[in-house]
Amino acid sequence: MASALPSPSALSSIASSAAVAVAKPPPKPFLKPHHKPLSATLAAAAAAVLLSAAPAPSFADPMFNLYYGTAASAANYGGYGGNADKKATAEYTYEVPEGWKERLVSKVEKGTNGTDSEFYNPKKRSEREYLTFLSGFRALAPVDAVLSNLALSDVGLQDQIATADGVRSQERKDDNGQLYYAYEIEGAGSHSLISVTCARNKLYAHFVTAPNLDWSRDQDMLRRLHDSFKTVDPSSS
């Protein structure tokens with residue numbers, strides 16, 4: 001006996017159920033979350049803190065050149081001689097910032113106040129350093145007397161001392177035992193650092209000066225120039 005065939009409505013229901021079963025996506029497998037070891041996490045965090053705390057490199061610090069001065073007399077002075085030619089006969093040295101210009105010192109100026117060399121900042125000419133020398137000094141006089149004697153041949157220094165808010169001085173000796181006097185003058189309009197010493201029967205005075213506004217901005221660099229001055233040991237030349 002033949003079996004009864006399903007009705008058309010029953011076939012439609014079966015096809016619809018099969019379509020739904022095929023379209024249903026398979027369940028996603030369960031994935032266990034992955035955690036970094038605690039030590040690795042702490043190390044990464046520490047590295048990030050260190051990198052963020054490290055100061056960025058500064059490219060604003062100027063470069064410096066070493067100047068060799070000969071302290072030649074006015075009779076033997078010939079103006080610009082080239083720094084390389086002076087090294088063998090140098091009597092003193094000091095640092096000069098890259099980009100500063102050398103001012104030509106005249107024979108008259110050298111003969112009257114003993115100026116031997118001078119450099120200035122071309123962007124602000126009143127920011128400068130220079131050296132004067134006087135012959136016939138075997139040793140330094142008392143610290144107060146030396147500053148007064150320097151002012152006798154420097155009208156600008158006289159005015160600065162007369163209007164100064166403060167004048168400080170100290171004594172120091174280098175590794176060879178040579179005595180230096182250091183002065184700091186806080187003038188009404190400018191600030192000066194002076195270093196004085198005696199060698200080769202001469203008195204050398206190195207000046208660094210700047211208007212107060214420039215001093216406030218550049219004092220670290222200006223103090224470096226002041227500290228860089230020294231005389232050359234005659235036995236090494």
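Helices (H or I, at least four residues) and strands (E, at least two) are DSSP runs, numbered from the N terminus. This is a predicted model, where local features need pLDDT of at least 70, side-chain atom pairs count only at pLDDT 80 or more, and totals for chains, interfaces and linings use all residues. Residues are numbered from 1 along each chain as its sequence is written.

Let's look at two pockets. On a 1 Å grid over the protein atoms alone, a pocket is an open set of points where a 1.4 Å probe fits, with protein on both sides within 12 Å along at least five of seven lines; lining residues have an atom within 4 Å of a point. A volume is the space filled by probe spheres set on the points.

| Pocket | Volume | Nearest its centre |
|---|---|---|
| Largest | about 510 Å³ | R172, D174, Y180, D227 and F229 |

The largest pocket has 28 lining residues, and β6 (166-173), β7 (179-186), β8 (190-199), α7 (212-228) and β10 (230-231) each give two or more of them.

As for the second largest pocket, α4 (107-113), β4 (115-121), β5 (124-135), α6 (155-162), β8 and β9 (202-211) each put at least two residues into its lining. The top contributor is β9, with 5 residues.

Back to α7: this helix has a kink of about 85° centred on D218 (the bend is the angle between axes fitted to the seven residues ending there and the seven starting there).

Definitions and conventions. Heavy atoms only, no water.
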